[in-house]
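Please look over the sequence and the 3D model shown here. Then read the short report below it.

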Amino acid sequence: MPTPISRLPASAYSRAADPRPIDLRLDANEGAGPTPEFLDVLRPSRDAVMSYPSARALEAEIASDEGIAPERVIVTAGADDALERICRAYLEPGREVILTDPTFEMLPRFSSLCGADIRAATWRNGPYPLARAMELLSPRTAAVFVVSPNNPTGLTATEADVRTLCEAAPDAIIVLDHAYIEFADEDIGPKVRHLPNLVITRTFSKAWGLAGLRIGYAEGPAAVIHGLRSAGLPYTTSGLSLEIVRRWRREGRSATAAFISGVRRERALLIECLRGAGAECSDSQGNFVFARFRDAAFTADCLAGLGIAVRRYGGALADSLRITVPADPASGERLRAALRAALRP
């Protein structure tokens, strides 16, 4: 039997299934999604089903909204696809990638599959660890990934952080993963998007609530985007998904804005609740809150017993949970009541 390459991850990414009856899933950071009225009248075109898809129309619309040329945008199968293309284009054995620890867990997987050496700067609290990231830079550095808001902590980097990295490593690609930026207090993308070695990745899975459609995009210098087109399959996005995303971008802006506002409101209440009950909680800017508990496993089990799923971790993060913030007040109050019962029974 053929032997897989040694750098293949030991296990595939998966979400653990809880055998208990869960009816409030707060473990995947998914958005609210389109309204029932939008879905009820959805009529996909025949061309979206029978023809090979083209994302050019969506790329042009994104570029127009952001005031950049269409050749600076590539639509991908979720932001994951964009990040993997970047790794495939720029990483190989003998090159190094700089990440934070913790960060979006697919990044070390993609980097390892490309054979790159991973160098990590610890970032569990406070500002982005710029000084440590600068120390890790070397002539072998090919890419630096800055996830902001960071997953799972919700912490953010600043415009100055990104500019400093781009200037210090002009021969490396600097990637600003903005999957959760809609929930943050400030979007630094417009201030840094024209830096010559910066790529920004975005997704429609979170704030827009379209995770099941698998549509994201990357924007950056035209030459870099051209390379990313060559680093992946030609038809990674479905015509149906592209058609729905384009329509929801036009018709769902007010619903999406209301969802974001609800998340921000409930996030503040959740952080207050967690800290009041004795948990250590980050100042998250995402649609989730990352908290450290005296007994994280017990807390997660108590919540699951009440029908609420949250994200659990192993290893160095076994003492912490990531909790997606519900946007509606009823679910928010239910979550806070369950947390109070679990932490101060």
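## About the model

This is a predicted model, in which local features need pLDDT of at least 70, side-chain atom pairs count only at pLDDT 80 or more, and totals for chains, interfaces and linings use all residues. Residues are numbered from 1 along each chain as its sequence is written, and side-chain values use heavy atoms, with hydrogens and water left out.

## Overall fold

The protein chain has 13 helices and 12 strands. Helices (H or I, at least four residues) and strands (E, at least two) are DSSP runs, numbered from the N terminus. The radius of gyration is 20 Å, close to the 20 Å that the globule rule gives for 345 residues, so the chain is as compact as a globular protein of that length. The radius is taken over C-alpha atoms, and the rule is 2.2 Å times the number of residues to the power 0.38.

Along its principal axes, the C-alpha trace spans about 60 × 55 × 50 Å. Of the 345 residues, 53% count as buried. Buried means under 20% relative accessible area, exposed means over 50%, and partly exposed is in between (1.4 Å probe, protein chains only).

Two strands pair if DSSP finds at least two bridges between them.

Strand β11 (residues 308-312) is mostly covered, as 4 of its 5 residues are buried. It pairs with strand β1 (residues 24-26) in the parallel sense over 3 bridges. In β11, alanine 309 is the bridge partner of arginine 25. Strand β12 (residues 320-324) runs antiparallel to β11, and 2 bridges join them. Here arginine 311 stands opposite arginine 322 of β12.

β3 and β4 pair in the parallel sense over 6 bridges. The chain passes from β3 through α5 to β4 in a right-handed β-α-β crossover. Right-handed means that, with the strands pointing away from the viewer, the path from the first strand over the helix to the second runs clockwise. Glutamate 96 faces aspartate 117 of β4.

## Backbone features

Most residues other than glycine have a negative phi, and most peptide bonds are trans. Which bond is cis, with omega near 5°? The bond from aspartate 101 to proline 102 is. Proline 102 sits in the loop between β3 and α5. The bond from serine 148 to proline 149 is also cis, with omega near -5°. Proline 149 lies in the loop between β5 (141-147) and α7 (159-168).

Asparagine 29 is not a glycine, but has a positive phi of about 60°. It is in the loop between β1 and α1. Is asparagine 29 buried or exposed? Asparagine 29 is buried, with a relative accessible area of 1%. Arginine 214 has a positive phi too, near 60°. Its loop joins β7 and β8 (216-219). Arginine 214 is partly exposed, at 32% relative accessible area.

## The largest pocket

A grid search describes the open spaces. On a 1 Å grid over the protein atoms alone, a pocket is an open set of points where a 1.4 Å probe fits, with protein on both sides within 12 Å along at least five of seven lines; lining residues have an atom within 4 Å of a point. The largest pocket holds about 700 Å³ of space. It is lined by 36 residues, and Tyr13, Phe104, Glu105, Met106 and Asn151 are the closest to its centre. A volume is the space filled by probe spheres set on the points, which are joined across faces, edges and corners.

α4 (78-90), β3 (96-101), α5 (106-113) and β4 (117-122) each supply at least two lining residues. α4 gives the most, with 4 residues.

## The second largest pocket

The second largest pocket has a volume of about 360 Å³. Of its 17 lining residues, Glu66, Arg202, Trp208, Tyr217 and Arg253 lie nearest the centre. Two or more residues each come from α3 (56-66), β7 (198-203) and α11 (253-276). α11 gives the largest share, 4 residues.
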